[in-house]
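Please consult the sequence and the three-dimensional view below while reading. The paragraphs that follow lead from one part of the chain to the next.

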Amino acid sequence: MTSLTPFIVPALALYFIVRRGAKPQRIKPDRLWIFPGVITLLALGAIWSGKAPGLLDVAVYAVAILAGGVLGWFTTQHVELTLDDATGTVMSQPTLFGTVLTAAVFVARFALDFLTTGGNGGGVKALAQQHGASLVLIANAGLLFVAARGLSRAWHMLARINPLLEQHKAAQLPPQ
């Protein structure tokens with residue numbers, strides 16, 4: 001069982017990412033932050049296990065967060081939202097690109113951990129250890145990028161669905 005322990009967190013992360021991205025979702029405004037929050041906590045947990053970041057690391061992380069936030073905001077512009085007039089439910093269809101991007105970054109980060117801590121032998125381990133600091137920086141920046149993208153999407157999604165919900169509420173009121 002202890003040989004499988006390093007795979008539990010990556011497996012859980014992938015399970016939630018793929019499960020969420022596989023089907024249309026009902027948007028619940030009060031729960032819109034849960035998935036991006038979980039992804040952010042998983043990303044910060046993976047980064048927290050490393051050494052304290054230097055100035056270059058902080059700069060790269062800041063750029064990754066900014067780029068993720070901008071991409072999240074703009075991609076939410078193109079998410080198809082549908083409002084069921086009878087129930088007032090707003091549905092959205094996750095994009096394959098977003099699901100694959102999020103899963104790939106988590107797989108890359110956990111694979112890097114596996115390779116640099118002796119998960120396999122030979123040249124790949126030596127290469128990963130030789131360039132480990134740079135690879136970890138890039139993988140961590142990718143995690144922060146994905147987390148910022150998710151948080152930005154939640155924020156913009158809330159801004160997009162509030163007018164739909166207000167419109168539905170107004171249509172439900174009896175004429176005065």
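W155 counts as exposed, because its relative accessibility is 54%, where exposed means over 50% relative accessible area, buried under 20% and partly exposed in between (1.4 Å probe, protein chains only). The model is a predicted one, in which local features need pLDDT of at least 70 and side-chain atom pairs count only at pLDDT 80 or more, while totals for chains, interfaces and linings use all residues. Residues are numbered from 1 along each chain as its sequence is written, and side-chain values use heavy atoms, with hydrogens and water left out.

The structure holds two aromatic pairs; rings of Phe, Tyr and Trp (its six-membered ring) pair if their centres lie within 6.5 Å, and planes under 30 degrees apart count as stacked, over 60 as edge-to-face and the rest as tilted. Y15 and F16 make an edge-to-face pair, with 5.3 Å from centre to centre and 65 degrees between the planes. The rings of W73 and W155 also have centres 5.3 Å apart, but their planes stand at 55 degrees, so this pair is tilted. W73 lies in helix α3 and W155 in helix α6, so the pair links distant parts of the chain, 82 residues apart. Helices (H or I, at least four residues) and strands (E, at least two) are DSSP runs, numbered from the N terminus. W73 is partly exposed, because its relative accessible area is 30%.

Helix α3 covers residues 55-76. Its 22 residues should span 32 Å at 1.5 Å a residue, and its end C-alpha atoms are 32 Å apart, which agrees; the expected span is 1.5 Å times one less than the number of residues. The buried residues of α3 are D57, Y61, A64, G68, G69, G72 and T76. Seen down the axis, they fall within an arc of 130 degrees and therefore line one face of the helix, the arc being that of the directions from the helix axis to the C-beta atoms. On the other side of α3, L55, L56, V63, L66 and F74 are exposed.

Helix α1 (residues 8-21) can be read in the same way. Its 14 residues should span 20 Å, and the end C-alpha atoms are 20 Å apart, which agrees. P10, A13, I17 and G21 are the buried residues of α1. They cover an arc of only 65 degrees around the axis, which puts them on the same side of α1.

The strands form an open sheet of three, in the order β1-β3-β2 with antiparallel pairing; two strands pair if DSSP finds at least two bridges between them. β1 (25-27) and β2 (81-83) stand at the edges with a single partner strand each, so one side of each lacks a neighbour in the sheet. Three bridges join β2 to the antiparallel strand β3 (residues 90-92), and V90 in β3 is the bridge partner of L83.

H168 is buried, because its relative accessible area is 12%.

T40, in helix α2 (residues 34-48), also counts as buried, because its relative accessibility is 16%. Apart from neighbours within four places in sequence, T40 is in contact with A147 and L151. T40 and R149 are 109 residues apart in sequence and 9.9 Å apart in space, C-alpha to C-alpha.

Note on methods
Contact = heavy atoms within 4.5 Å.
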